[in-house]
Amino acid sequence: MIRPAVKICGLTRLEDADAAIHAGAAYLGLIFVPQTPRYLSIASARDLSIHIGNRAKRVGVFQNVPVDHVLGVLAEVPLDYIQCHGQEDFTYCQRLPKPVIKVIPVTNTLDIMQYESWFPSSDNNIEAVLFDPPKGQSAGDWGEVLAAQLQRLPVRFRFFVAGGLTPMTVADVIETCQPDGVDVASGVEVSPGIKDVEKMHHFCQVVQAYSISAGEIR
């Protein structure tokens, strides 16, 4: 029996990273997508990543950029995982020198088997997939759809869920989907990129109260 891991995404401040780790987050997301409210410059990301160190897994979030761009960031910023949040294909991910978290969009018409090549295995560097609904929708809107799709799979693979999660909604999503991890950003914030310490602690406490039967989280 294990508990889902917590990934808190969109960190921008050293003190918020400290508070997230203290609350129990295992993964911290640093966003490298320009024109987004939680975007980090290379210098800021380097300082934040070094400050985090090995206290949590550092996830760099990228979207539809050349592989060379990601490699350039990696040369400057220590990261443990790369999250591909766009239309990156399988070949693209295999060119990355870090384990990959690949985002899969979730809608009411989701056919999970069309993403079969993304399923994590010993033959690729996909560490996990992250199911994320379109902007404006929440995980609660599609939790049952995703759960039904997952039942179709011949094998279980490692996955996270995201999308409008808050301390008040995450328990229902865990019960419905039984994920290996949950990903939250705005649901534990005062404003974009500025985290709320109390909400982070509340979120992690709710997640820690639930155990699921699953493979080991690495």
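Gln178 sits in the loop that runs between H6 and strand E8 (181-184), in what is a predicted model. The backbone of Gln178 has a phi near 50°, a positive value in a residue other than glycine. With a relative accessible area of 40%, Gln178 falls between the limits of 20% and 50%, and it is therefore classed as partly exposed.

Asn64, which is not a glycine, has a positive phi of about 55°, and its place is in the loop between strand E3 (57-62) and H3. Because its relative accessibility is 43%, Asn64 counts as partly exposed.

Val73 belongs to helix H3, which covers residues 67-76. Is Val73 buried or exposed? Its relative accessibility is 2%, and since buried means under 20%, Val73 counts as buried. If residues up to four places away in sequence are set aside, Val73 touches Phe32, Ile42 and Phe62.

Another buried position is found in a strand. Ala5 is part of strand E1, residues 5-9, and it counts as buried because its relative accessibility is 10%. Between Ala5 and Gly24 there are 19 residues of separation in sequence, and the distance from C-alpha to C-alpha is 8.7 Å.

The next topic is how helices pack against one another. Two packed helices are described by the angle between their axes and the distance between the axes. For helix H1 (residues 14-23) and helix H2 (residues 42-52), the axes come within 10 Å and cross at roughly 30°. Angles under 35 degrees count as roughly parallel, so H1 and H2 are described as roughly parallel to each other. The crossing of these two helices, H1 and H2, is right-handed. On the side of H1 the contact is made by Leu14, Ala17, Asp18 and Ile21, and on the side of H2 by Asp47, Leu48, His51 and Ile52. By residue class, the contact of H1 with H2 divides into five nonpolar residues, one polar and two charged.

A further helix pair returns the reader to H6. Helix H6 (residues 170-177) packs with helix H7 (residues 197-208) at an angle of about 30°, and their axes are 9 Å apart. H6 and H7 are therefore roughly parallel to each other, and H6 passes H7 in a right-handed crossing. Which residues make the contact of H6 and H7? Val170, Ala171 and Ile174 contribute from H6, whereas Phe203, Val206 and Val207 contribute from H7. The residues of this contact of H6 with H7 divide into six nonpolar, no polar and no charged.

Finally, the confidence of the prediction deserves a careful reading. The protein chain has an average pLDDT of 90, and 95% of the residues score at least 70. Over residues 213-218, however, the pLDDT is below 50, although this stretch has 18 contacts in the model beyond near neighbours in sequence. Where pLDDT is low, the predicted coordinates should not be read in detail.

How values were computed: Residues are numbered from 1 along each chain as its sequence is written. This is a predicted model: local features need pLDDT of at least 70, side-chain atom pairs count only at pLDDT 80 or more; totals for chains, interfaces and linings use all residues. Side-chain values use heavy atoms; hydrogens and water are left out. Axes are lines fitted to C-alpha atoms, for helices over the stretch in contact, and angles run from 0 to 180 degrees between N-to-C directions. Helices (H or I, at least four residues) and strands (E, at least two) are DSSP runs, numbered from the N terminus. Angles under 35 degrees count as roughly parallel, over 145 as roughly antiparallel, 65 to 115 as roughly perpendicular and the rest as oblique. A crossing is left-handed if the near helix is turned anticlockwise from the far one by less than a right angle, and right-handed if clockwise. Contact means heavy atoms within 4.5 Å. Ala, Val, Leu, Ile, Met, Phe, Trp, Tyr, Cys and Pro count as nonpolar, Asp, Glu, Lys and Arg as charged, and the others, Gly among them, as polar. pLDDT is the predictor's confidence in each residue, from 0 to 100. Buried means under 20% relative accessible area, exposed over 50%, partly exposed in between (1.4 Å probe, protein chains only).
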